[in-house]
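Let's take a walk through this structure together. Keep the sequence and the 3D view open beside you as we go.

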Amino acid sequence: MPPQPGSPAGGAAFAPLAIELSGISKSFGAVQANRDIHLAVRRGTIHGIVGENGAGKSTLMSILYGFYEADAGEIRINGRATPIRDSQAAIAAGIGMVHQHFMLVEPFTVLENVILGAENGPLLRPSLARARTELTRLAKEYELQVDPDAVVGELSVGFQQRVEILKALYRECDILILDEPTGVLTPAEADHLFRILEHLKSEGKTILLITHKLREIMAATDEVSVMRRGEMVRTLTTAETSPAELAELMVGRRVLLRVEKTPATPGPVLLETRDLSLTDAKGVERLRAVSLEVRAGEILGIAGVAGNGQSELLEVLAGIAPATSGEVRLKGEPLDISRTTNADDRRRRGIAHVPEDRHRRGLVMPYQTWENTSFGYHDLPKFCAHLGLMKGDAMREDARGKIERFDIRPPDPNLKAANFSGGNQQKIVLAREIECGPDVLLIGQPTRGVDIGAIEFIHRQIVALRDAGKAIILVSVELDEIQALSDRIVVMFDGRVSGTRQAADTDERELGLLMAGIEPDKGAAA
Amino acid sequence: MELEILLQIAGSSLRLATPLLLACLAGLYSERAGIFDIGLEGKMLAAAFMAGAVAAVTGSAWVGLLAGIAASMVLSLIHGLASITLKGNQLISGVAINFLASGLTALVGQNWFHQGGQTPQLTAGGRFLALELPLTETLAPIPVIGPIYQHLISGHNILVYLALAAVPATWWVLFRTRFGLRLRAVGENPGAVDTAGISVVRLRYAAVLICGLLCGIAGAYLSTGMAAGFVREMTAGKGFIALAALIFAKWRPWPALGACLLFGFLEAIGIRYQGITIGSIVIPVQFMQALPYILTVVILAGFVGKAVPPKAGGRPYVKER
Amino acid sequence: MNTSLPRWVDLGLIPALNLTLAFLVAGLVVVFIGENPVQALRFLVVGSLGSSYGIGFTLFYATTFVFTGLSVAIAFHAGLFNIGGEGQAALGGIGATLVCLAVPWPHWTLALPFALLGAGLFGAAWAFLPGYLQAKRGSHVVITTIMFNFIASALVVYLLVNVMKVPGSMSPETRNFAPGTHLPFMHEMLGAIGITVAKTPMNLSALLALLAAFLTWVLIWRTRLGYEMRAFGFSEPAAVYAGIDPVKITVIAMVLSGAMAGMMALNVVMGFQHRLVLDYVGGAGFVGIAVSLMGRSHPLGVVLAAILFGILYQGGAELAFEMPNISREMIVVIQALVILFTGALENLVRIPMQRLFARSRTRAA
C-alpha cells in the first residue's frame, strides 16, 4: 500500500501493528461463527469492522476480548503472541471493550462499576478514593463527565456508555473495542462519542469500531475490514473506498434495494392515532403526542434511530403496551389502549402484527410449525372446537398450506421453530399474519437477521398486501428498507413525530436530518 | 418480677434467633452471589447431626462443630456443582438437598447409634455451654442493669455471640471489601464480573461455601448448643424461617438481625404461652407459629415495601449465544 | 443449546441414565451401611410386587403420587414450580372431610362428586393466592408456596386440635366418617367379580387417578388452555403477543395444580383412613416433585414414576422390616437422589451426550 500523505491514516500507514489475528475460527454447535479470520490493525488508528447482522463481527471481537475462546488461531498484540483465554488476559494485554449490551451493575454507583475488577487491594476505601481522582482527570481530559456517585441504573443510555468507556480507560487500555456503539445513541450523543474516539486516537490509542452503519465507517475510520458470513472478506483504506463498494462486499453481490411496485392508490383512513403518549415505569416519556394515520392500500414507513419510540408505538397499536393518554381509532372506532393484554381484541378487529423480535414474541421457539402458524389465532373456530379442544389436524393442514405458499424450508410442519433459519422463521410469522386476512398489518424490522433471498420475498409479500388494499405500518431501523417500501414516511425522534414526507418527494439527507430531530425547512428558513 | 419474665423471654428470643441468624446470613452470601438456596434447612440438619454425632463420639464440642461444618459444606458443594458448574435448576437442587439431609441423617443415625435416629445424650464437654461473662456477680445486685446483664447479655454460649458478631462482619465484608463488591456484582450482573476479568465460577463457589460454613455453625448450635444431642428433624423448618427472614430483610445484614430477632421472639412467645389472650380474643399458638411465614408473604407481595431479590439470582451464568 | 438431541435420547436414554446414577449412589449408601445392595433390592422388589398384598399397597401409594405428581406437572407446563403440594393436599383433606362429615351420605356414589369438589376447591384455594401474587405482584411462587405449606400446617393443627377434634378425645383427628362415604376398596370391587386379592388400602381412587392423568394429558396437549399454558411457560412475551393474559394463565395453572394436589385426599382420607388425622399428607406433596421431574411432566411419565415411588414406599417398608439396619428413611434418600440426578444434576449426563452427538454429527457431515 503506497503512503498517502494527505489521508488521515497517512501517518499511521507505517505504524506498527497493534493487533494481528491469524487463522481465528470459532463455532457454536453446528454454526461456524468465524472461519479462518486474518486481521491486522495498525496502532493509533480507528479501524472499522462492518458486516451484516450475524456476519460474525461480535463473535470475533468477543474472542479478542477473551469472552469466548477461539477454537483455532493466534492473537498477537503489539507484535507479541498473546494467548487470550479470558477477559483477564485481554485486560492485561491492554484491551478494553464496550459491549453492545452494557456490562454494568445497575444498582452500583459509577465509581463502584469503574473499580470492579480493578481494585487496588482487598479493601474498597483506597480503591474508591483513587478512582474518584482518576475519574475527575479522565472526565476533564476526554469530556466524559459523569457523576461518580450516581447509581448507574438511573443514568441514561448515553451516560451508561460513558461509564463503559471510563471503565476501559481506568484500566489504562491501549486498544478499545466498541461494539455497535451508536445503536442506542441520539445523533448528538453519537457525534460526541466520535469526538472522544478521535481524541483517544490522537493519544496513540487503537480503536476497533464495529458497526453495520456505513455512514459511521466513512466518517470515523482510517481503515475498514468487511466481514461476511463468518469470513473476513477484505480490508480497505477508508479514504479509497465508497459506501457502495462496502455494501457490495458486505452482501456479496451488487445490492439492488429497489422493490418493484406501482404508485399507491390510497383509500380511506383505516387506522389513526391522536396525541398518543406513553410514559414508562421509569418515568421516561417514550411517546409524545404521536398523531398519524394510515390509509387502505398504503405502506406507511416509520423511520428513526432505534429507541426513539417506534417500538413502543407498534406495541401500543398491537395492544401489548398501554398508552398513557391519547387515542387510537380503527375505521373510526376507538380502541382500548389501556392494557397490555389486548392483542386478541386487535386480531379480532383485523389488525395483524409481525413483531420486531420474533424469538421472544413472534414465535414460541419450542413449538412445532403447526403450533406456531396459528399462534394468536388459535381460538378461531377453525382451530378450536367446543369445550376448548384444539383441532390438531386442521392446524397441521393449515400449516402445510402456509409452508407451501411462503416457501418455508424445510417444509416440515412438525419441526420446532428453533430449528429454522432466521429467514424461514420470519416467513412463518409473516405467513400467519398475512393469511389471517387483516385490514391493517403492523410490521417491525421485517428483515432483521434474514438472508438476502428471503428479504426480497418478504418485501414482495408486503407490497402485494398493499396492492390488495390493506394498510401497512412498517417500522424499520434500516433507512434503505423504509425508502424502498414506503409510500409515505413518518420520522420519529425522541418519542415524537419529527416529520412526515411522501416517499417520492424526499431523500436520505432530509430523512437523516429529521431522524436527528432537525426540521430541514426551518433550518433553511433560519 | 415483670422485668424478670421479660428478660427471660428476651434471652430465650436471642437463643432461638441464633440459628435463624446464622442460616439467614448463610443464605445472604449465597443469594447475594446469585445462587438461590432453599436448601438451608437440609444443610443445617446435616450439620446438626454430624456435630451431635461427632461430639458424642469424641466428647468435644469443637470437633463436633468442625464435623458439622464439613457436612454442611459437602452439601454446599453439591449445590454448587448442580447450579454453578452444571448450570442446573437451583430450586430443584435445594429441594433435593433437603431430602438428602432428612433421609441420610435418620438412616445413618439409626445405623450408627441405634437410638431411633437420635445421637447419644451429650455430656458437658460435648456441648457449648452458657458462658458467664465477667462482672455478672458484681453487677447482680444493681436493679435493672444487674438482671439485664445477667439474663440478656451474659449467660449464652459462644455461638450466640459468634452469630451476633457475624452481622457487622457480614456487613463489613459485603460493603467494605473487594470480595464483597464482587460478590454483590455477580448476583446482579455476572456478565459485568466476567468481562471485568473476574471468574464468576470461583466467586460463586466461594459464596456457596461460606453459606455452607455458616449453615454448619447454625446446625451445630442446634445439637450441641441449644440441645444436648441430635434429634430427628430437629431443624423443624428453621431453615425456611431463615429464608423467610432473608426475604424479610431484603437481603441486607442488619435488617436480617432484626428479622431473626423478631421471628425468634415469636417462637419464644409460642413456647412460653399456649395462646395469648388480648381482651376477649384468644390468639392461638399456631397463629404465632405461622406468623413469620404470613409476614414474609405480605412482604413478598410488596404491600409493605417490595422485596426485590438480586437480579441474576436463580439463573445459571451462561455466556449469551 | 444449539445441539438438539434425538427424541429417544432426550426422553428415553438420558432419564434412564440419570435414574441409574441415582440408584447406583443409593446402592453405595446401602454398602456404606454394611448391607448387601443386591439383597436389599430383592427385598424391595419382592416386598412391593411379590404378592397381591404388596401390589395393593404399592398401587395405593402410587395413586397418591399420581395426584401430587400431576399437580407439579400442570404448574410446570405453565413455567411455574409449585412446591406447595404438601399444603394444598392438607387443605384438600379438610375440604373432603367437611363434605363427608356435613351430610349423612347414604351412598358413596352420592358423596364422591361432592367430596371431589370439596377436596379440589380447598386445594385450589390454597394455591390461588400464591398464583395471584406471582401474577400480579411478582412474588416468587416457589417462596410463597413454601410459606403456604407452613401456614397450612399450622392451620390444620389448629383446626384438628381446637375445632374438628372429637370432644373429649386426646388425639388430633376427626370422628370416623359414615360408611356411606367410604369408597369401595379394590379387594371388594375385585371380589364382586370373583377375583380374590389380599385386603389392602387400594381403592376406587386408583381409577380416578388414571382418569385424572388422562384428563391432564387432554388438558395439556389437546385444549386451548393447555396450548396457552405451554406457550406462556416457554415465553411470557410471546404469550402476551398472542393475546394470552399472563395473570389469568398463572392463576388458572396454579388453581388446577392445587386442585389436583387436594384430590389426593380422596385416596387417603375418603378411601382408606375414613377420618382426617394429623399430617395425613406425610410428604406426598414433595414426592410429587420427584415424580413429576422423573416423569418429565408428561402424564404417562407421571403414572410410571408414581408406580416406581409406590414400589419404593411399599418395598421400603418391607425392606426396613427385613433389614433393620436400613430404616424407612432410605426411601427419602432415594427420593432425594432421584430429584438430584433427574432434576438438578441432569446436565451431568446431558452435556456429555450433546458432545457425543455433536461429534458424531460433524464426523458424519
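Two strands are said to pair if DSSP finds at least two bridges between them. Helices (H or I, at least four residues) and strands (E, at least two) are themselves DSSP runs, numbered from the N terminus. What you have here is a predicted model, so local features need pLDDT of at least 70 and side-chain atom pairs count only at pLDDT 80 or more, while totals for chains, interfaces and linings use all residues. Residues are numbered from 1 along each chain as its sequence is written, chains are lettered from A and ligands numbered from 1 in the order in which they are written, and side-chain values use heavy atoms, with hydrogens and water left out.

With that in hand, look for an open sheet in chain A. Four strands make it up, in the order S12-S11-S14-S15, and the pairing is antiparallel. At the edges stand strand S12 (285-295) and strand S15 (333-334), each with a single partner strand, so one side of each has no neighbour in the sheet. Strand S11 (residues 269-279) is joined to S12(A) by seven bridges, and the two run antiparallel. If you want a spot to check, A:Val269 has A:Arg295 of S12(A) as its bridge partner.

How many of its five residues are buried? Five of the five, so S18 is largely enclosed by the rest of the structure. (Buried means under 20% relative accessible area, exposed over 50%, and partly exposed in between, using a 1.4 Å probe and protein chains only.) In a regular strand the side chains alternate between the two faces of the sheet. Here both faces are covered: A:Ala471, A:Ile473 and A:Val475 are buried on one side, and A:Ile472 and A:Leu474 on the other. S18(A) also has strands to pair with. Strand S13 (residues 298-303) of chain A runs parallel to S18(A) and is joined to it by five bridges, with A:Gly301 partnered by A:Leu474. Strand S17 (residues 440-444) of chain A pairs with S18(A) in the parallel sense too, over five bridges, and A:Gly444 stands opposite A:Val475.

Next, go back along chain A to helix H1 (residues 57-64), where seven of the eight residues are buried. Among them are A:Lys57, A:Leu60 and A:Met61. After the helix comes A:Gly66, with a positive phi near 80 degrees. A:Ile49 is buried, with a relative accessible area of 0%. Leaving aside residues up to four places away in sequence, A:Ile49 touches a list that includes A:Lys57, A:Met61, A:Leu208 and A:Ile217 (contact means heavy atoms within 4.5 Å).

Loops can hold buried residues as well. A:Ile320 is in the loop between helix H9 (310-318) and strand S14 (325-330) of chain A, and at 6% relative accessibility it counts as buried. Its contacts include A:Glu315 and A:His353, plus C:Val240 and C:Tyr241.

That brings us to chain C and a pair of helices. The axes of helix H4 (residues 85-102) and helix H11 (residues 246-262) of chain C come within 7 Å and cross at roughly 60 degrees. Axes are lines fitted to C-alpha atoms, for helices over the stretch in contact, and angles run from 0 to 180 degrees between N-to-C directions. H4(C) and H11(C) are therefore oblique to each other; angles under 35 degrees count as roughly parallel, over 145 as roughly antiparallel, 65 to 115 as roughly perpendicular and the rest as oblique. The contact is made by residues including C:Gly85 and C:Ala89 of H4(C) and C:Met254 and C:Gly258 of H11(C).

Most residues other than glycine have a negative phi, and most peptide bonds are trans. The peptide bond from A:Arg409 to A:Pro410, though, is cis, with omega near -5 degrees. B:Lys87 has a positive phi, near 55 degrees, and at 36% relative accessibility B:Lys87 counts as partly exposed. C:Asp279 has a positive phi of about 50 degrees although it is not a glycine, and C:Asp279 is exposed, with a relative accessible area of 55%.
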